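Q: Before we go through the model, could the terms be tied to their cut-offs as they come up?

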Amino acid sequence: MDGGAGDAIEQLKKLTGGRGPDYVFESAGHEKAFRLAVEAVRPGGNVVFLGKVNVNQDVAFRWGSLMGEKQIVRSSYGNARPRRDFPWLARLYLDGKLMLDELITRRLALEEINDGFDAIRRGETIREVIVSP
């Protein structure tokens, strides 16, 4: 692990009395985040992979990080049923009961997409949305 990831794991252990977190949710969809999640969770803890990488991309783990009876779950859409759930979620949003706009860091035009990706890589934004003129 690089210094930043090692520092993050040490900080998590300090916050949890040396054990590590009971649950780690990976949602970045980056190879390093998958590895960090497995390294950080305590023995017997649970890791939920929400993020996605290209299906042909390799993701490497240190074999020892998989020891300790850790539970690893891969989730797509949180086991939602899109035909049923997506229209329901859309209705909640349109009725003002599901606050999605507050989760958007920045809106940008299609021409700004490369700037948007650069800002995400630099950690300046989290969720960007492309809007049409």
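Q: Why is phenylalanine 25 called exposed rather than buried?

A: Phenylalanine 25 has a relative accessible area of 53%; because buried means under 20% relative accessible area, exposed over 50% and partly exposed in between (1.4 Å probe, protein chains only), phenylalanine 25 counts as exposed. This is a predicted model, in which local features need pLDDT of at least 70 and side-chain atom pairs count only at pLDDT 80 or more, while totals for chains, interfaces and linings use all residues. Residues are numbered from 1 along each chain as its sequence is written, and side-chain values use heavy atoms, with hydrogens and water left out.

Q: What makes tyrosine 23 and phenylalanine 25 a stacked aromatic pair?

A: The structure holds 3 aromatic pairs. In the one formed by tyrosine 23 and phenylalanine 25, the rings are 6.4 Å centre to centre with 15° between the planes; since rings of Phe, Tyr and Trp (its six-membered ring) pair if their centres lie within 6.5 Å, and planes under 30 degrees apart count as stacked, over 60 as edge-to-face and the rest as tilted, this pair is stacked. Tyrosine 23 is exposed, with a relative accessible area of 53%. Elsewhere, Phe34, Phe49 and Phe61 form one aromatic cluster.

Q: How do you know that strand β1 is paired with strand β2?

A: Two strands pair if DSSP finds at least two bridges between them, and 4 bridges join β1 (residues 23–26) to β2 (residues 46–49), which run parallel. Strands (E, at least two residues) and helices (H or I, at least four) are DSSP runs, numbered from the N terminus. β2 also pairs with strand β3 (residues 71–74) in the parallel sense, over 4 bridges. Phenylalanine 49 in β2 stands opposite glutamate 26, and in β3 its bridge partner is arginine 74.

Q: What is the handedness of the unit made by β1, helix α2 and β2?

A: The β-α-β unit of β1, α2 (residues 31–40) and β2 is right-handed; the term applies if, with the strands pointing away from the viewer, the path from the first strand over the helix to the second runs clockwise.

Q: Which classes of residue make up the lining of the second largest pocket?

A: The lining has 8 nonpolar, 3 polar and 1 charged residues, where Ala, Val, Leu, Ile, Met, Phe, Trp, Tyr, Cys and Pro count as nonpolar, Asp, Glu, Lys and Arg as charged, and the others, Gly among them, as polar. Among the lining residues are Leu12, Phe25, Glu26 and His30, and α2 gives the most to this lining, with 4 residues. A pocket is an open set of points on a 1 Å grid over the protein atoms alone, where a 1.4 Å probe fits, with protein on both sides within 12 Å along at least five of seven lines, and lining residues have an atom within 4 Å of a point.
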